[in-house]
Amino acid sequence: MRIANSDNRATMVLGPPGDERLLDIATASSGRFGPELPALYQDWAAFTAWAAEHGSDIDSAATTALDRTALGAPSPMPRQVFAVGLNYRAHAGESGFEAPTGLPPVFTKYVSSFTGPDTEVTLPDGGNVDWEIELVVVIGQTGHQIDIASAWTYVAGLTAGQDISERVSQLRGPAPQFGLGKSFPGFSPQGPWLVTPEEFDNPDDLELGCGLDGEELQKGRTGELIFSVPALIAALSRTVTLYPGDVIFTGTPAGVGVGRDPQRFVQPGQRLDSWIEGIGELHQRFRAAADRK
C-alpha cells in the first residue's frame, strides 16, 4: 500500500508508476479515517485492517489524477524526528571517523524544514550545502523497549528523504550544530509517498542514490546499513518512547560533497535528483538567497 499527503489530506496511491491516481481516504472510509495524515497514524492498525478488508471494493472512478506539486511530507507533523549519522561504513570513512560499534550518532531535524518531494530550495548566504540521500522510516504504533525481532511491526512505512546539510553552520565550533545546520527551510524533502513494508520483496535491502544535474554522486543499498531499521528502532526505544508518525532518517551512504577531494557543494541553478528502489524519486532545484522572491 502507498499513502500520500496530497494538499494535507491522506490519500491512497493507486495505479502503476507513471500513471498513479489518488483516492481520498476520508471520503472512501466515510469519514472513519483521516482526513489528515497525523490522524491516520494515530489509528494505523485499524486503518490497515480496514484497507485490507475493503481494498477490493475501492471504486477506481472515485480517484483523482496525481499532482506531484501538491504532495507534502508523508508524516508532516511528527512528535519526534530522529536522524542517524555514520550508519554506512564507507560514509563514516569519508567523514574521518571509525564506524560506530555502539549506538551511532543521533540528532534531530526540525519539522519546519519538512517539504514534499518536488521543491525549490534557497541556499543560505555563505553556506556550503551538501546532499545526503536517506531511507526514512515512519513509526506506526507507540513502543518502548522494542526488541529487534518485532521492530518491523512498529513501522507504518518507508519513504525517501534528503538530509540536506549546510556544512559551515553544522561544523562551526565550539561544538557542532547538526540540528540547525540540517534544518534550513526545505532541507528535509521527503516522499513521494509512504510505502508499507509488505510491498517490498526485502525491506532491509533497497537501492538508493542521488545525482546532481544528471551526474550520479551517491549509490548504495540499505542492506549496507551498520544498524538496520530494526536495530535502530530497538536502540532508540531503549531510551525514548516512539510514537505514531515519528520519523527516523536512517543515514546516508558514501559520496557526500564534504567527503570529496576537493570538496564539492550545491550551486545555484543545480538540480538534485534522488531515488530509492520501490519508493520513488525526489527532485530539488536550488537558488541563491538573493533570488528569493
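Colleague: What covers the buried residues of H3?

Modeller: In this predicted model, the cover includes strand S1 (2-6), helix H1 (25-28) and helix H2 (37-42). Strands S12 (155-162) and S14 (188-195) belong to the cover too.

Colleague: Which residues of helix H3 are called buried?

Modeller: Trp44, Phe47, Trp50 and Ala51. Buried means under 20% relative accessible area, so these four residues of H3 fall below that cut-off.

Colleague: Why do you say that they line one face of the helix?

Modeller: Look down the axis of H3. The buried residues fall within an arc of 125 degrees, so they share one face. On the other side of H3, Ala45, Ala52 and Glu53 are exposed. Exposed means over 50% relative accessible area.

Colleague: What makes the largest nonpolar core a core?

Modeller: Its members must be buried and joined through side-chain atoms within 4.5 Å. The largest such set has 46 residues. Leu158, Ile233, Ile248, Ile276, Ile279 and Phe286 have the most contacts inside it. Helix H7 (residues 229-237) gives the largest share, five residues. A second, separate core has 25 residues, including Met1, Ala10, Phe33 and Tyr41.

Colleague: Which residues is Leu158 in contact with, leaving aside neighbours within four places in sequence?

Modeller: Among them are Leu135, Trp152, Trp193, Phe200 and Ile279. Contact means heavy atoms within 4.5 Å, so each of these residues meets that limit with Leu158.

Colleague: How many residues of each class line the largest pocket?

Modeller: The lining has 11 nonpolar, five polar and six charged residues. Helix H5 supplies the largest share, three residues. The pocket has a volume of about 370 Å³.

Technical notes
Residues numbered from 1 in each chain as written. Predicted model: local features only at pLDDT ≥ 70, side-chain atom pairs only at ≥ 80, totals over all residues. Heavy atoms only, no water. Buried < 20%, exposed > 50% of the residue type's maximum accessible area, 1.4 Å probe, protein only. Helix = DSSP H or I, 4+ residues; strand = E, 2+ residues; numbered from the N terminus. Arc of directions from axis to C-beta. 1 Å grid on protein atoms, 1.4 Å probe; cavity = no way out; pocket = protein on both sides within 12 Å on 5 of 7 lines; lining within 4 Å. Points joined across faces, edges and corners; volume = space filled by probe spheres on them. Nonpolar A, V, L, I, M, F, W, Y, C, P; charged D, E, K, R; others polar.
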